[in-house]
Amino acid sequence: MRITNKSVYYPYQKNLEEIQNRRFKEQMRLSTSKDIVNIADAPDKLVDVKQLSSKLADNSKYLNINDDALGEMRIMADTMEAISDNLQKIRQLTIDATQIGNSGNIYSLATYIKGILKDTVKLANNDFQGRYVFGGTKTTPDSLDITAEAPIKEPFELIQGEPTPENKSGLRVVFKGNNELRSYNKDSKTTEIINTASNEVFGNESTEVFDAIIQVYNLLAFNNDGGERQLGDYMTNEEISKVSFHQQRVATLAEKLDNASGRNGAKLSRVELVRDQMVEENARLNEFLSLKQDTDIAKSTINLKLEENALNYSLQVGSKLIQNSLFDFLR
């Protein structure tokens, strides 16, 4: 039988490599906190880990989408509430104009109402992350129906036109968006309408609310002959009767706006519920995923210590084997 001086090294080298590999795996488990270092470690667990990770990734994607939708819906809700408050202010100012104490101060009330009109137009042009909330599907400046008469790249624009007997100030608001609804995928199976059509908020042709405010302003700011009122001017009985009609019209439009706000609030609640459900589901999925793939720190620490001890002993044995020289074999 032929014996060489290397025959003793082969099994030793193989055992040393196995110990080093096991030690490396335990180090990786502790450093990454993942129990599965490679596919061969636990192929049955790996399938579950991939499925759970995929579900978590999908949920996270839809959570981001829902968060974005909630942000827009909340901006819309706050805007509608602010516009409703403005309409209530205008209604009260209209009623105040008929009171004896304000008889000579009608023009000041009209000036105040004009300021509220401008504020309301500004609110109607609110946006969320660059998307106009009341523009329908025309959510960006370049998508709006811009004209020479209304060149500003916003959905609503207050323009000064020529005065007429029906519109003594010549003011009017132009709408450059549309009333289309936008939907988004709130999960993998269902969709939700994200916006409220502007005609639900602002009435016919999306400008009825503004027309009503302008009519109130015209009534208080101008006389029957079309001239501007001055401090100390009074309204006629005929004009006072018109005030009652206009304040009632404003009240009706405010009620419609509040109904639209309520519908938006219902959608907002549904989306919040879906989002909360996804957050809870992700918490449970993370628990399952942790059971499947996370390292048992105590167990892995003990295993690492055992492998390090085995490695140290193996190296000691190896040092004794390597000390043999040619003269030891010849002897």
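Where is the place of F128 in this structure? The points below begin with this residue and then treat the chain, its ring pairs, its salt bridges and a charged patch.

1. **Basis of the model.** The model is a predicted one, in which local features need pLDDT of at least 70 and side-chain atom pairs count only at pLDDT 80 or more, while totals for chains, interfaces and linings use all residues. Residues are numbered from 1 along each chain as its sequence is written, and side-chain values use heavy atoms, with hydrogens and water left out.

2. **F128.** This residue is in strand β1, residues 127-128. Helices (H or I, at least four residues) and strands (E, at least two) are DSSP runs, numbered from the N terminus. F128 counts as buried because its relative accessibility is 14%; buried means under 20% relative accessible area, exposed means over 50%, and partly exposed lies in between (1.4 Å probe, protein chains only). The C-alpha atom of F128 is separated by 9.1 Å from that of M73, although the two residues are 55 apart along the chain.

3. **The chain as a whole.** The protein chain has eight helices and six strands. Along the sequence, their pattern is α-α-α-β-β-β-β-β-β-α-α-α-α-α. Of the 331 residues in the protein chain, 38% are buried.

4. **Aromatic pairs: F134 and F202.** The structure holds six aromatic pairs. Rings of Phe, Tyr and Trp (its six-membered ring) pair if their centres lie within 6.5 Å; planes under 30 degrees apart count as stacked, over 60 as edge-to-face and the rest as tilted. One of these pairs is F134 with F202, which is edge-to-face at 5.4 Å centre to centre and 80° between the planes. The pair ties together parts that are 68 residues apart in sequence, because F134 lies in the loop between β2 (131-132) and β3 (156-160) and F202 lies in helix α4 (residues 198-202). F134 is buried, at a relative accessible area of 0%, and F202 is buried, also with a value of 0%.

5. **Aromatic pairs: F156 and F210.** The ring centres of F156 and F210 are 5.5 Å apart and the planes stand at 50°, so this pair is tilted. It links distant parts of the chain, with F156 in strand β3 and F210 in helix α5 (residues 208-221), 54 residues apart. F156 is buried, with a relative accessible area of 1%; F210 is buried, with a value of 0%. Ring pairs link F134, F156, F175, F202 and F210 into a cluster.

6. **Salt bridges: E72 and R131.** A salt bridge is a side-chain nitrogen of Lys or Arg within 4 Å of a carboxyl oxygen of Asp or Glu. By this rule there are twelve salt bridges. In one of them, the side chains of E72 and R131 meet at 2.9 Å, N to O. This pair links distant parts of the chain, with E72 in helix α2 and R131 in strand β2, 59 residues apart. E72 is buried, since its relative accessible area is 0%.

7. R172 forms a salt bridge with E149, and the closest N and O atoms are 2.4 Å apart. R172 is in strand β4 (residues 171-175) and E149 is in the loop between β2 and β3, so that distant parts of the chain, 23 residues apart, are linked. R172 counts as partly exposed at 35% relative accessibility, as does E149 at 47%. R263 and E200 meet in a salt bridge of 3.0 Å, N to O. Here helix α6, which holds R263, is linked to helix α4, which holds E200, across 63 residues. R263 is partly exposed at 44%, and E200 is partly exposed at 31%. Salt bridges that share partners join D68, E72, R131 and R182 into one network.

8. **The negative patch.** D78, E81, D85, E255 and D258 form a negative surface patch. Patches are made of residues with over 30% relative accessible area and no salt bridge: like charges are joined within 9 Å, nonpolar side chains (Val, Leu, Ile, Met, Phe, Trp, Tyr) within 5 Å. Helices α2 (43-96) and α6 (237-293) each supply at least two residues of the patch, and the largest share, three residues, comes from α2. D258 is in helix α6 and counts as partly exposed at 36% relative accessibility.

Definitions and conventions. Accessible areas come from the Shrake-Rupley method with a 1.4 Å probe; for residues, only the protein chains shown count as cover. Lys and Arg count as positive and Asp and Glu as negative; His and the chain ends are not counted. The place of a charge is taken as NZ of Lys, CZ of Arg, CG of Asp or CD of Glu.
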